[in-house]
Amino acid sequence: MASELETDVQAIDQSLLECSAEETAGKWLQASDLAREVYQHLAHYVPKIYCRGPNPLPQKEDMLAQHVLLGPMEWYLCGEDPAFGFPKLEQANKPSHLCGRVFKVGEPTYSCRDCAVDPTCVLCMECFLGSIHRDHRYRMTTSGGGGFCDCGDTEAWKEGPYCQKHELNTSEIEEEEDPLVHLSEDVIARTYNIFAIMFRYAVEILTWEKESELPADLEMGEKSDTYYCMLFNDEVHTYEQVIYTLQKAVNCTQKEAIGFATTVDRDGRRSVRYGDFQYCDQAKSVIVRSTSRQTKPLKVQVMHSSIVAHQNFGLKLLSWLGSIIGYSDGLRRILCQVGLQEGPDGENSSLVDKLMLNDSKLWKGARSVYHQLFMSSLLMDLKYKKLFAVRFAKNYERLQSDYVTDDHDREFSIADLSVQIFTVPSLARMLITEENLMTIIIKTFMDHLRHRDAQGRFQFERYTALQAFKFRRVQSLILDLKYVLISKPTEWSDELRQKFLQGFDAFLELLKCMQGMDPITRQVGQHIEMEPEWEAAFTLQMKLTHVISMMQDWCALDEKVLIEAYKKCLAVLMQCHGGFTDGEQPITLSICGHSVETIRYCVSQEKVSIHLPVSRLLAGLHVLLSKSEVAYKFPELLPLSELSPPMLIEHPLRCLVLCAQVHAGMWRRNGFSLVNQIYYYHNVKCRREMFDKDIMMLQTGASMMDPNHFLMIVLSRFELYQIFSTPDYGKRFSSEITHKDVVQQNNTLIEEMLYLIIMLVGERFSPGIGQVNATDEIKREIIHQLSIKPMAHSELVKSLPEDENKETGMESVIEAVAHFKKPGLTGRGMYEVKPECAKEFNLYFYHYSRAEQSKAEEAQRKLKRQNKEDTALPPPVLPPFCPLFASLVNILQSDVMLCIMGTILQWAVEHNGYSWSESMLQRVLHLIGMALQEEKQHLENVMEEHVVTFTFSQKISKPGEAPDNSPSILAMLETLQNSPYLEVHKDMIRWILKTFNAIKKIRENSSTSPVAETEGTILEESSRDKDKAERKRKAEIARLRREKIMAQMSEMQRHFIDENKELFQQTLELDASTSVVLDNSPMASDMKLTALGPSQTQVPEQRQFATCILCQEEQEVNGESRAMVLAAFVQRSTVLSKDRSKFIQDPDKYDPLFMHPDLSCGTHTGSCGHIMHAHCWQRYFDSVQAKEQRRQQRLRLHTSYDVENGEFLCPLCECLSNTVIPLLLPPRNIFNRRLNFSDQPNLTQWIRIISQQIQALQFLRKEESTSNTASSKNPENMDQLQLPEGFRPDFHPKNPYSESIKEMLTTFGTAVYKVGLKVHPNEDDPRVPMMCWGSCAYTIQSIERILSDEDKPLFGPLPCRLDDCLRSLTRFASAHWTVTSLSMVQGHFCKLFASLVPNDSLEDPPSILDIDMFHLLVSLVLAFPALQCQDFSGISLGTGDLHLFHLVTMAHIVQILLTSCTEENGMDQENSTTEEELAILALYKTLHQYTGRALKEMSSGWHLWRNLRAGIMPFLKCSALFFHYLNGVPSPPDIQVSGTSHFEHLCNYLSLPINLICLFQENSEIMNLLIESWCHNNEVKRYLEGERDAISYPRESNKLINLPEDYSSLINQASNFSCPKSGGDKSRAPTLCLVCGTLLCSQSYCCQTELEGEDVGACTAHTYSCGSGAGIFLRVRECQVLFLAGKTKGCFYSPPYLDDYGETDQGLRRGNPLHLCKERFKKIQKLWHQHSITEEIGHAQEANQTLVGIDWQHL
Ligand SMILES: [Zn+2]
Ligand SMILES: [Zn+2]
Ligand SMILES: [Zn+2]
Ligand SMILES: [Zn+2]
Ligand SMILES: [Zn+2]
Ligand SMILES: [Zn+2]
Ligand SMILES: [Zn+2]
């Protein structure tokens, strides 16, 4: 059946391929009814090409479509072969100067903060790099897809609109010529014909809604019964739901289901079943049924295959049109014309209209195809852009409504094109004037918010989920309004004024619906039952904030508009408050002989609302009037007489009182929603159009009122009128009312009211209120923020309000007020306020929160103390008010104010009788200070002959009037100055008195009568003396206290040492173990130290003690006692690997005996160096395990360590560990005692003896295996064997270690085996010892690399933990053979030995090119005792070590010489030829000879010697470390310092001749044989013949990849990266492996793979091959470093990219340019080299538990 179908398809193909494009086009050219002809062609062929089976075959379809369908059109259009026609068109074209590049998802975009007209103007990377903006302040973001490059758009850029590439054509754009002039009449006519037909066809078929019937002119005769079950995307169902449903409904695998779901999500629809109608309909009903339960069902249609075919071709056609118009601007214009031409049905019937109006009905894929076509056609043509904009505006209401009811994201809606149109200033302006766009947008918005209360206000309080969803979508309309307003007009036409004001009217209607919305009433008695919904109202307010500000900005640009807007706003406000005094009984207030009428209203009892946008807009406009001086120029035009100041202030004042009462705790029962609202009211995101404007409104009102009247109303609204209007009320009040809460409440309210007055008089930094400019305002904000604490750039930006362009204006002024301090290796760069700005500090700065205020106060006082100044924080000198607000200062000297001050001071003087607070007093003092500053300013700036009317100083000197005769304010201050309970405020009072005297002096100087001023001065001075004494006394007290604290601290310290004595001693003793040797032995510095061999320096026996960190017991370390262990962590490693493609494929078969020189697949052991008893550790580990099991049963929590894998945290330092290493003394000493070293064999003799022994062993081994079958020993065979002299293979030495140590030897050995090979533990596996030796060698090599890379000396001061770890590891590895089978280790030794000295035990030994010699050395030396222990001929272990070492060294030399590939050059060569050079040249010649002259000729011994020395150094260094730790011989002092290469010192220490070649000469007899055998290996031949590669020496250190300096090039690289699995799709989370540079598609279904039976993400999968479990990645979109270990562990790490302010930008939220910080990158590399990634993850997870829960394996 299947094959039949296939041939069928092929047959069709054949007929299709025979179809000729030229012929068809020719037929069309003759046709009288072209449209009919073309439609017939399509009707016939489209279903033959598209949709022939269940799965699409895009390549084949595309090929056939091009051949049969598009080809004829191209022929027709060109009138000739398109291969010639299109290039001709292209040549004739004058290309556009617009870039227009459409952004891919994740592509970097750039905006210039200096030149972009608004932040939506962006450049692509190419244009940006070629533009002037790369040197400006730019911002970088990653595109979410859609949108295009604005390069070349002169309206988008204030400067530099063209990049270099697009500038070329600018000379021509002056005259706007019609691009059609470049086309011939014929081409125009044909293009028009074919475009019109094709565009109509595409629109018709894409918007076709019938499921099984085609448009009549496409219907064919016979119809097959082939259908698709088409699944559509929605935003309701999750991936998982869809996948699950599909598996059930169409019976597919999970993988297929994932594929379907991915396509549905990407393209918006996907056929999930193909077949006859019934078959598809069945699937449909299953899907609908199983998804309709919880939500609305998934959308599924059963569609006839021919419809799907035509739709697919329709999409293809649109893309084709998009690419065809790329050839010529003329073609583009024709397409635009066709698209916008009105159709037969009149209004809204053009093809473009049709598409737009059907937008929400189309699936995602279709939408994005036609949106792209619009962008590349209509938006690229200057003339049609305008016409399109008009169509868009005309349809605006409908499009937005469609969008609001649709469920797709905005980026998939045509409505999203608004940003492309409205942000073009000329278009926006045109649409406002011609289409009344502002009004349309606002009205559309209002239409969607129909939910109102009785007064017609919005009602968000009880929003349903659906309403909330709709509300979220409607918000995008506000964004449109913002786009329209974002570029402000430079000139106004009457038309624009009129339409703007119409829009303003509509806007006021909107604000009116918000004025007073969501009112609240204080809850008394019971707590509220349900927290009211408040967020929607605030979201609206927040979204509108910038629009409100921009409305004001627009008004400010034109006086006529400003005046009109002011009038309109006032009128609306009066409507809102229409008759606000109605029904209220007016009451009269009076204090100090002043009286005023007001209404009776209590915030604490009646309704109050935070939302007052109309009042606030009016306040803003009023300040603009003041600023632009319109009010003075045309007062007659203003409705000033209509203003009723008490009405203006009423609602803002209520709102401020509400805040005060909330602070006083009076609204506790109203719950958190109110607290949150108050928070946002003051928050930097809202305050500009909320709190700030309320203060302005009060300033406006107060400036028009009698200050006494104003203050009385304020007192009344604060519900404090009684207290201050009744003499002695305070006294009575405190005695009568004992309720503490009420007292406290009133105190807070008084404090709040005083604070409000301070703000009203002191806040003059808004242009229009005070005589300042905008930079003064921002400077002041910054000074006050930095007065709290030094801040990083981003922190500071966050605390400042942003304008609609996301700018704070901070950069331009920051340098004037702050210093920048650069960051170190961690942390961020910080700004600190300049000291000279301290005088501008105002403790009662109105944007401080309570907490900030107290922090700032503390910081400023501390600073003053440090500078040895007094700690007074007097009010700063303020700029003068603008004339409209000038009268505000009179509040300070008004009678009511003086009364309030006097009353509070009185309370403070008689401090016992009243309830008052220090804060209250502090605020009064501040107010007095402000008044004095004001007066001083007035006096200093007074014009001649003018009288200063500000006479505060005189008023406060006057005592109160009869009858109570209270003392003057001044007198009270003098009294308070000496009161002991006001210590903190003394400096301030003194400052006030000083200022007072200064003012007095100025007044007297001007009025010439030097009256008794002395009194005050004396008073001041005497007090100063007294004060000095007081200070001295205090200083003394402070000193004593300090001393006492110090004593306490050292006591505590001693205590700590006592308690942890063992700990301290342990470190001391361990350190001593090496240094003592040096001290005791006379040879220490003079004598040659030798690390190995018969002449090894003998180290006096050392006793070593260690303390268990668990039981704190001290114990000697030796072989007989209980084992002590170090916590250790074993991990696989590829850090040194030279071939990352290699990894252990099948661990069960892997043979680790020989390490390849590429060092792939190593096993690293690390330790934190903490010592425990083995039994203590065991107990600890058991308890951790038990606890973990209990915990996992209870709650399925993860931990940072995996107990099941033997992991635990070091009990002392919490370092991740997975096993323990036993502590041992140098093990060789135990076996090396019995011998005299007199007569030892030389290398040749020794090799012979060993070979004989090996032979004997092999014979015995063979015997054993045969005798097993014969079941008895064959004595005859035994006789045949000639046992070498003194060799006793039946001898088994006694194990020198205690049971406990033996157990630990096995434990650690098994752990290395288990982790290194990832197999189940098996202590008897023959590979256990190999793994132990390998880990020892690998760890030493990795440490040698780190030291060399950092240029550190080999035996310099190594960190304690490394030293301990290497010592224990080496000694362990050398003792491990004692717990394994002797014959097994002997067998290993024989094989290892055979790699250098051929014997029968190893068939096909590896070539010396394929052995890492250091690994070989370690294994040989550590396996050797197993053989040597049976040798009683008198050869010492040391002799064996030495010969083994020499043998391996020589092999390594040959290895180096064979692989050294350095070019000979004559440079730098010294003249004289040394002995070494001659010797090495001779050796090289020998090699040359043995390799059959395949080795390259070399004539320079100098080069060879130099290469050898460089190549062998790492080996020598590793060997020195190895033997040092193995035998415990101290290192020669020369190697302990860095500097020269130490070659000679190393040779001495290792018992090597300086001229290494001497080794060969001394043993030439045997060596020549060996060299010959090495060189004759087949692999060596292949290498020399160039058939394979080999590692050359020295091996270079592995580094992390090179990262680019500029982060954006990484983003760009990542944006070009597409998911390797889902054919060209953009990856959502491109992630870069920093080890090998591979880009991965992380965190995505498409790239999940199965690893050990589990689904894992691309990163986790990659770590398995690249980092054998550990990985270091850079998540490019997030700018975040990711560490992964195993499948379950991971953490994020701070990235090595910083912005200019020394901050990282994790998540790329701020978009400042980022540059590579080399030091930070090195730090990451170091973590990697040190194998600390896993440890780092462990620490991060311990510190932050939320990291544990992250699903790392899916990254
Ligand atoms: Zn561009
Ligand atoms: Zn450009
Ligand atoms: Zn710029
Ligand atoms: Zn212990
Ligand atoms: Zn530790
Ligand atoms: Zn992928
Ligand atoms: Zn990698």
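## Two buried cysteines

Cys99 and Cys127 are both buried, where buried means under 20% relative accessible area, exposed means over 50% and partly exposed lies in between, with a 1.4 Å probe and protein chains only. This is a predicted model, in which local features need pLDDT of at least 70, side-chain atom pairs count only at pLDDT 80 or more, and totals for chains, interfaces and linings use all residues. Residues are numbered from 1 along each chain as its sequence is written, chains are lettered from A and ligands numbered from 1 in the order in which they are written, and side-chain values use heavy atoms, with hydrogens and water left out.

## The zinc site

Which residues are the protein donors of the zinc ion (ligand 1)? They are Cys99, Cys124, Cys127 and Cys149, each through its SG atom, at 2.2 to 2.3 Å from the ion. Donors are N, O and S atoms within 2.8 Å of the metal (3.2 Å for Na, K and Ca); water is not among the atoms, so sites may look incomplete. The angles that the four donor atoms subtend around the zinc ion (ligand 1) run from 98 to 125 degrees, which makes the arrangement tetrahedral. Four donors count as tetrahedral if all angles lie between 85 and 135 degrees.

The donor residues of this ion follow the sequence spacing C-x24-C-x2-C-x21-C. Cys127 also coordinates the zinc ion (ligand 2), and the two ions, ligand 1 and ligand 2, are 4.2 Å apart. Cys99 lies in the loop between α5 (82-92) and β1 (105-112), while Cys127 belongs to helix α6 (residues 125-129); they are 28 residues apart, and the pair links distant parts of the chain. Helices (H or I, at least four residues) and strands (E, at least two) are DSSP runs, numbered from the N terminus.

## A helix and its end

Helix α50 (residues 1299-1317) has 19 residues and should span 27 Å at 1.5 Å a residue; its end C-alpha atoms are 27 Å apart, which agrees. The expected span is 1.5 Å times one less than the number of residues. Just after α50, Lys1318 has a positive phi of about 55 degrees.

## Backbone features in loops

Glu719, in the loop between α30 (707-717) and α31 (721-725), is not a glycine, yet its phi is positive, near 60 degrees. Its relative accessibility is 27%, so Glu719 counts as partly exposed.

His1731, in the loop between α64 (1718-1729) and α65 (1733-1743), also is not a glycine and has a positive phi of about 60 degrees. At 8% relative accessibility, His1731 counts as buried. Elsewhere, Tyr1593 and Pro1594 are joined by a cis peptide bond with omega of about -5 degrees; Pro1594 is in the loop between α61 (1578-1584) and α62 (1607-1615).

Key:
Tetrahedral: all angles 85-135°; square planar, octahedral: opposite > 155°, others 65-115°.
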